[in-house]
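Student: Please take me through this structure, one topic at a time.

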Amino acid sequence: MDTPVDTHVRTAKLPLRPQDEVECRRCEVHCDKVVYPAACVAKSCPFLYAVDEFGHRYVGCLQKIFDVEIDSTLLAAGERTRNGFGAVKTMRQPLPMCTTAVDACYENRTDELGCVNPEFHELPVGEPSFRIFAQITA
């Protein structure tokens, strides 16, 4: 007789290279790596392309770091605002020249131990690969 399998159990195993993942769901705080397309334009990224369709110009990434094409007029208009255009979710590991961040969706769910997958927050090659956190107790 087969034993029933509990489908609600989530594996807590960390992958061999967690810093290469683009999202982390190992705890209740869901984190995603994001990239800033406006920085690609500002840096004149060689992998940025433009296509004209339907009377608009759209920009995208040849490396598919982000997998959307963005209306360049809306991108420029967003950059003129105080908060800028913002970020889009990465679809694959960002390149070292990409301006990236880690966006946490439910930070209020963090427990006392903090991140269960701190290597996920590591920066791309060519930048510092560690962070130091100091806690001052009274």
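**A first look at the model**

Tutor: Let us begin with Ala-87, which is partly exposed, having a relative accessible area of 35%. Under 20% counts as buried, over 50% as exposed, and partly exposed lies in between, judged with a 1.4 Å probe and protein chains only. The model is predicted: local features need pLDDT of at least 70 and side-chain atom pairs pLDDT 80 or more, while totals for chains, interfaces and linings use all residues. Residues are numbered from 1 along each chain as its sequence is written, and side-chain values use heavy atoms, without hydrogens and water.

Student: Where is Ala-87 found?

Tutor: The loop between α2 (72-79) and β6 holds Ala-87. Helices (H or I, at least four residues) and strands (E, at least two) are DSSP runs numbered from the N terminus.

Student: And which residues is Ala-87 in contact with, leaving aside neighbours within four places?

Tutor: Ala-87 is in contact with Val-34, Val-35, Tyr-36 and Pro-37, where contact means heavy atoms within 4.5 Å. Its C-alpha atom is also 9.7 Å from that of Ala-39, 48 residues apart in sequence.

Student: How many helices and strands are in the chain?

Tutor: The chain has 2 helices and 7 strands. Their order from the N terminus is β-β-α-β-β-β-α-β-β. Of the 138 residues, 23% are buried. Among contacts between residues at least 6 apart in sequence, 61% join residues at least 24 apart.

Student: New topic: how many cavities of 30 Å³ or more does the structure hold?

Tutor: There is 1 cavity of that size. On a 1 Å grid over the protein atoms alone, a cavity is a set of points where a 1.4 Å probe fits but cannot get out, and lining residues have an atom within 4 Å of a point. The largest cavity holds about 100 Å³ of space. It is lined by 13 residues, and the closest to its centre are Cys-40, Cys-45, Met-97, Cys-98 and Thr-99.

Student: What does its lining have, by class?

Tutor: The lining has 10 nonpolar, 2 polar and 1 charged residues.

Student: Let us follow Thr-99. Is it buried or exposed, or does it count as partly exposed?

Tutor: Thr-99 counts as partly exposed, because its relative accessibility is 29%. It lies in the loop between β6 (88-89) and β7 (100-104).

Student: Which residues does Thr-99 touch, not counting those up to four places away?

Tutor: Thr-99 touches Val-34, Val-35, Tyr-36, Ala-39 and Lys-43. The C-alpha atoms of Thr-99 and Tyr-36 are 5.8 Å apart, although 63 residues separate them along the chain. The side chains of Thr-99 and Lys-43 are joined by a polar contact of 2.8 Å; such a contact is a pair of N or O atoms within 3.5 Å, one able to donate a hydrogen and the other to accept it.

Student: Last topic: which residues of the largest nonpolar core have the most contacts inside it?

Tutor: They are Val-35, Ile-65, Phe-66, Ile-70, Leu-75, Val-88 and Cys-98, in a core of 13 residues. Two or more residues of this core come from each of α1 (37-42) and β4 (56-61). A nonpolar core consists of buried Ala, Val, Leu, Ile, Met, Phe, Trp, Tyr and Cys residues joined through side-chain atoms within 4.5 Å.

Student: And which residues does Ile-65 touch?

Tutor: Not counting residues up to four places away in sequence, those touched by Ile-65 include Val-35, Met-91, Leu-95 and Cys-98.

Conventions. 1 Å grid on protein atoms, 1.4 Å probe; cavity = no way out; pocket = protein on both sides within 12 Å on 5 of 7 lines; lining within 4 Å. Points joined across faces, edges and corners; volume = space filled by probe spheres on them. Nonpolar A, V, L, I, M, F, W, Y, C, P; charged D, E, K, R; others polar.
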